[in-house]
Every structure is written in C-alpha cells, then in structure tokens.
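Q: Could you take me through part of this structure? I would like to start with a sheet and then turn to helices.
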Amino acid sequence: MSSVMHTLAQASRRDFMKTTAVVAGGLMVGVSLTALKSARAAGTMHTPNAWVHIADDNTITLISARSEMGQGVYTSMPMLLAEELNVDIRNIKVAMAPPDAKLYGNALLGGTQLTGGSTSVRDGWESLRTAGAQVREMLISAAATKWNVDRADIRADNGMILGPRGMKATYGELAEAASKLPLPMKVSVKDPKDFRIVGKRTRRLDTPAKVNGTAEFGIDVKLPGMVYAALEQCPVIGGTVRSFDASKAKGMPGVIDVVQIPDGVAVVADSWWRANQARKAVAIVWDEGKGASLSHTSMLESTRAASKTGKPIPIKSAGDPEGVIAASNKVVRAEYVSQLLSHSPLEPMNFTASYANGKMLLIGPTQWQDGAQGAVAKALDMKPEDIGVQTTFLGGGFGRRIDLDFIVQAAQISRAVGKPVKLVWTREDDMTHDFYRPQSVHQLAASLGADGKPTAMTFRLTSQSVTGRVFGLPESEPDALMTEAAVAPYAIPAFRHEHIKHDAGLRVGYWRSVSHLLNAFANESFIDELAKSAGQDPYQYRMSMLASQPRFANVLKLAADKAGWGKPLPAGHAHGIALMEGYDTYMAQVAEVSLDASGGVRVHRVTVAADTGRMVNPDTVEAQIQSSVVFGMGAALMQEITLEKGRVQQTNFHQFPLVRMNEAPAIDIILVQSTEKPGGIGEPATAVVVPAIANAVARLTGKRVRKLPMTADAIRMA
C-alpha cells in the first residue's frame, strides 16, 4: 500500500499522522468551508478541519471531529460525504479525530473542538459536502490524466470512476494519483434536487456494534498493565482534603496505592471493585469550604433577591413597556422558577489515563477534545502536544461531558502512580458531584388591550452563567447561552427582555437544551396565562399574534390539527400547547395529560410538529425528537436536585427518576419538508414539552404550577 497524501497544512498534518492509526495510505483531504472562503479571498491556504481518507483498497474513512453520544452523527455526517462522493454510505467508516482545534474546531461554537449545542450537522452541512465534492473532482481529474480523455466524459458513481469506452477504476485505484493533484478550491456541490442519500431515511451505521457489544465506550477501555482507581471526594462540592489516614486501606487485598489529588483521595487497586471497597476505609478529614452552608432554598432566595437588585443586561426591547404597563387597567404578572438538575447519563463519569516518559495518553468519553488536552496540560504543567486524546463512544452526554474534572483526575492519578489508570465514578459520585443545570427565576408582566392581546410585556431572567464559569465570559457581557428562547415570536408593540447574572454558589453546567427550557417554560406558560385572562383559546390566541411568523404559525397549526385541538377528549384529559424556535428549528407541541390516582401527571400523547430546515436523516430527526420529549418530561414532572449543608441529597435514580417505558407517551411527529438551512434537532423538543405539559395541567386542574417539577404535591399546593 502506498502512502501518499494530499496536504493542506504540513505541520498540522504531521501531528495528525502521529496520532491517527487509520492513516495508512491513499488520498486524504481536509476542508474547512469558513477557511476555504478566507483562502479564496486572500489567496492563501486554509486550515483544514474535516478529513476524508480513501485507501488503496477502496476503503473510505471519515475522520469525525464530533463525538458520538447517541445523537447519530456517525451516520448523518457520512451521509453528507457519501452524497457528494456517490458511494453507498455503508462503504464509509468513521474514525474519531485527535484533539486539534485548528483542524477540527466547531465554527458554530467559537472554533473549539466541542460537540454540543445541536451543531454537528449544521457545522458539517457545507464543509463535509465540499470535502466530498473536492475528492470526487480530484479522482475524476486523475482518471482523465491517466486515460488521456476529457474530464467531461468521466463521472463518479457508486465508488467507481467511469470513462468512455468502458474505462473504469475504483476510487482506491486512483487515490494515489489523485493525491498528487492540487486541491480544487472551487467545486460545485450537488443541487438538493439531485440528492440520492441526504434526506432519505437511513439506518444508523453504529447500531450493529452497539447491539453485538463490539462498540467501545469509555467503561470498556483496557490497556496493558492498567490498574483501577476510585476517588473519594468531599461531600461538599469544592471542599478539600485537610488530612487522611490510609493505613487500613493500604492493607486491603489488591490495593496498590493511595494518592491524594486536589479533588480528593484516590485508591488504586488491581480491580475497580477492590479500589472502591478500600476507598471506604480511608479516614479523611475535610475542609468543606464556603459551600458547607449552601442549600437549594438559600440559593433560590439569593437568586430571587438578585432579580430585584442586580444590574440587568438587555436582550431585546422596543417602545416603553414599563410606561404602557403602568398606564394599563389590566396587567398580568407572574414569576416562574426552574430547578437544579443533574445530567446523570447512564454511563457514569470515567476516563483512562496513561502517563509514561513525559507523555500522557487519555482515552474515554468526552465532548471536548482540545479542552481535555488543555485542562490536563494546565493541571500537570505539561505541553499540550505531549498529551493525546482518544475518544470512545459516549454513554450519554447531555452536556456533562463538556466538563473535564474526571479527565484531569484520571491524569493526576496516573502520573502519581506511574501506571495506566482507569478512573470510574459510581452513580452516587456522579449525581452528587455534577455541574448542575442552574436554577432560574423569571419575572414577567404584561398589559392587555381591549382585544385581550398584550400591548406591552417585560421579561427578566435571573440565573447563574454557565458560560462565565466555563469560558470566563465577563460578568458585564451578555450571555447568549442564558437567553435562548427568551424572546418569543409574538407581535407585541412594546417589550423589554433582559437577564441578570447571579452566582448562587454552586457549580453549574450546560444541560440539554441549555437555557431554552428555562425561558420557554416561562414564556409559553405566561402566554397561556394571558390567553386565560383574556378569555381566549390559547391556540387561537397564539395564532393571532403570528401573522408575520409563517414558520411558527405553520408548525403551530400542524401540531394543533394533528392533535385534534378543540375536539373532545376522554373525561379527565386536557391538551396544552407551546412553541419555540431553537438551534434554527421551529417547533410546536401539544401534550395530552390526565392525573393519576396520586394526583401526579400522566402524559398520554405528545404531538410534535418540527420545521428543522433541510433534513439529512429523517430517522435520526424523529429519534432525537422522541428522546428529547422523554428527557424533557423528567425535568417537567419528577426531577430536582436539592442541597442541605452543601450536600446534594439525591444519590441515585430512586431519588432522581428517569421516565420509564411504562410512563412514556405516544409521540406523533410531523416533519415539515423544508428547503431552509438545516437546524439542530438534538435539544429543542426537550424544552418545548415542558410548557406544553404545564399548560395542559393548568387547563385540566385550573391550577398554574409556576415552579418545576410539577409533582403531585406541587399541583396540590398551587
């Protein structure tokens, strides 16, 4: 097998070759659309961030820059490539990219190599298609030269380059010659009307491996000579070790070492079971720090107080809403509160680290490859280039694996003992040491005119800033990830939307749908309150204010029609409706609910209409909507993290339940066929289902629950 590659950035390319085993020969092309445009303008070479490899044996590999955590990118991204290469998607393999933000940065997330924000397909939509088209054109050019025929007489189809008079060759046979050609900077991608793969329902490529057990998650990683670690952390997040006595633990079977790291005391043993048993024998005196007095109620009180005294940061405004409200005879005011939540993916936090000879290899499930590299480099005073990161499948992420604490811990333990170490957290470790979805307080007010429609509205969100913690966003600057869906689409003459950042004292993290859920719950519940105050049907009330918002109006009508809005329901059932735009996806939902014997909410059916722009794989879109609805139901009805004396009180799923199969509703999905740019689909349904349920509960019971979760007790007390 020859080893010839087309290179765009030699230095980065060499780094790539050092760390990627799949690169054994053939043709490789990297493409960055953003950089490509810059290169065209400046006449300079661009920095690649997506890579295609064609081996001499005709194997095509996509080097994926995005982690696969169940959202289907190991299928949707190859579909984009296969479309332009004119090959069967099943001929494309996927390998995970090493850390290199210059090559693999996510343009929609500021250029860092991060998977999140429902950006994977949106970020790859043009760049991967361009990469495929470039490779296709290079193969055709190579064939034209080899056969001495006109390029116009050659075409690429089904993995073959076909020429006149029966000439043909596989892509692999032409890969070496193609790799010697200059990269075509101007290529035409297919007109969507010619798509043969994109937009078609396609079975996931990673399903067989996940069904037959060959898929490797972080928990499956094994290295020669590897040992196992369990970490005891302070029960108060942020607390540190004052002293410890490990004499008993060191005498227990299988224990190799006991080491202190900044976050706690790790027991290293020849099996994880033994490490975790011995961990309980370590006597530790903690300095619990300033978090020892924290409670969820004190956090909420401080957030509510900050909403009155903090400095608002504008989001969007028009007119003089305060003046209009002050002069109105009919004003509606409400406060909505969202709770602390844990991510709790089914695969608990784990990572494997191997330190030797000044180099560190990290293997495991992460959403942020260059972040992991940088964090470990900083923590251990190493050079980033001495740290490799290999990403496995993720057993759920939901934003938790954007954080890097468990990776740094594994690296610290490995360097301390000088061996490859797999650190595994228990479920209890995970639930009590998360980076939690923050609490939020929303204060809304609106004046109603003679027709019942709002003449003015104010909206103030107060919460912690996750972006401030993760990326160091200055306190005075707007946080776009706090204000998602804060501005609803309705025609209101005067309005003011603003947010206040308040550090309530607990570390917080990005959680599926981020602030969309917080803001959509408040906005869409409040609109229902306005409709009730006006004595109008909530569906018609919304529709009357969407005349200039055709995509919103369309999904609202589709959802209402499909759900049978306004038609009789079984006794004791009610409908609730809500809508939102998020990640460039427009969505409306209708939830049908009743109350069970205990007074808890039973969700029977959720009808979803989604305009997500041009779809790559409708199967994946539906699956994401289904999973999001179920995920959001947990936040709406049953989940809450509480603290007393700085300690998280929930330790496992018996106290922080997930929606079970017998609790899952029927989910009807209407997908709008659209020619708009692709929208993200991994998260918006999580947000919309919450106000849809809340509005249904209010119609059913006559009680408005303004604080999540909507438990039986919360409904009774409303």
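Q: What is the order of the strands in the open sheet of 5 strands?
A: This is a predicted model. In the sheet, the strand order is β13-β21-β20-β19-β14, and the pairing is mixed.

Q: Which are the edge strands?
A: They are β13 (313-318) and β14 (331-338), each of which pairs on one side only. On average, neighbouring strands in this sheet are turned by 10° against each other, direction ignored.

Q: In which sense do β20 and β21 pair, parallel or antiparallel?
A: Strand β20 (residues 454-463) and strand β21 (residues 494-501) pair in the parallel sense, over 8 bridges. As one example, M457 has F495 in β21 as its bridge partner.

Q: Which strands does α16 touch?
A: Helix α16 packs on the sheet and touches β14, β19 (440-448) and β20. The direction of α16 makes about 150° with that of β14.

Q: Now the helices. At what angle do the axes of α16 and α20 cross?
A: The axes of α16 (residues 515-534) and α20 (residues 684-701) cross at roughly 30° and come within 8 Å. Angles under 35 degrees count as roughly parallel, so α16 is roughly parallel to α20.

Q: Is that crossing left-handed or right-handed?
A: The crossing of α16 past α20 is right-handed.

Q: Which residues meet there?
A: From α16, H516, L517, A520, F521, E524, S525 and D528 meet T686, A687, V690, P691, A694 and N695 of α20. By class, this contact has 7 nonpolar, 4 polar and 2 charged residues.

Methods: Residues are numbered from 1 along each chain as its sequence is written. This is a predicted model: local features need pLDDT of at least 70, side-chain atom pairs count only at pLDDT 80 or more; totals for chains, interfaces and linings use all residues. Side-chain values use heavy atoms; hydrogens and water are left out. Axes are lines fitted to C-alpha atoms, for helices over the stretch in contact, and angles run from 0 to 180 degrees between N-to-C directions. Helices (H or I, at least four residues) and strands (E, at least two) are DSSP runs, numbered from the N terminus. Angles under 35 degrees count as roughly parallel, over 145 as roughly antiparallel, 65 to 115 as roughly perpendicular and the rest as oblique. A crossing is left-handed if the near helix is turned anticlockwise from the far one by less than a right angle, and right-handed if clockwise. Contact means heavy atoms within 4.5 Å. Ala, Val, Leu, Ile, Met, Phe, Trp, Tyr, Cys and Pro count as nonpolar, Asp, Glu, Lys and Arg as charged, and the others, Gly among them, as polar. Two strands pair if DSSP finds at least two bridges between them.
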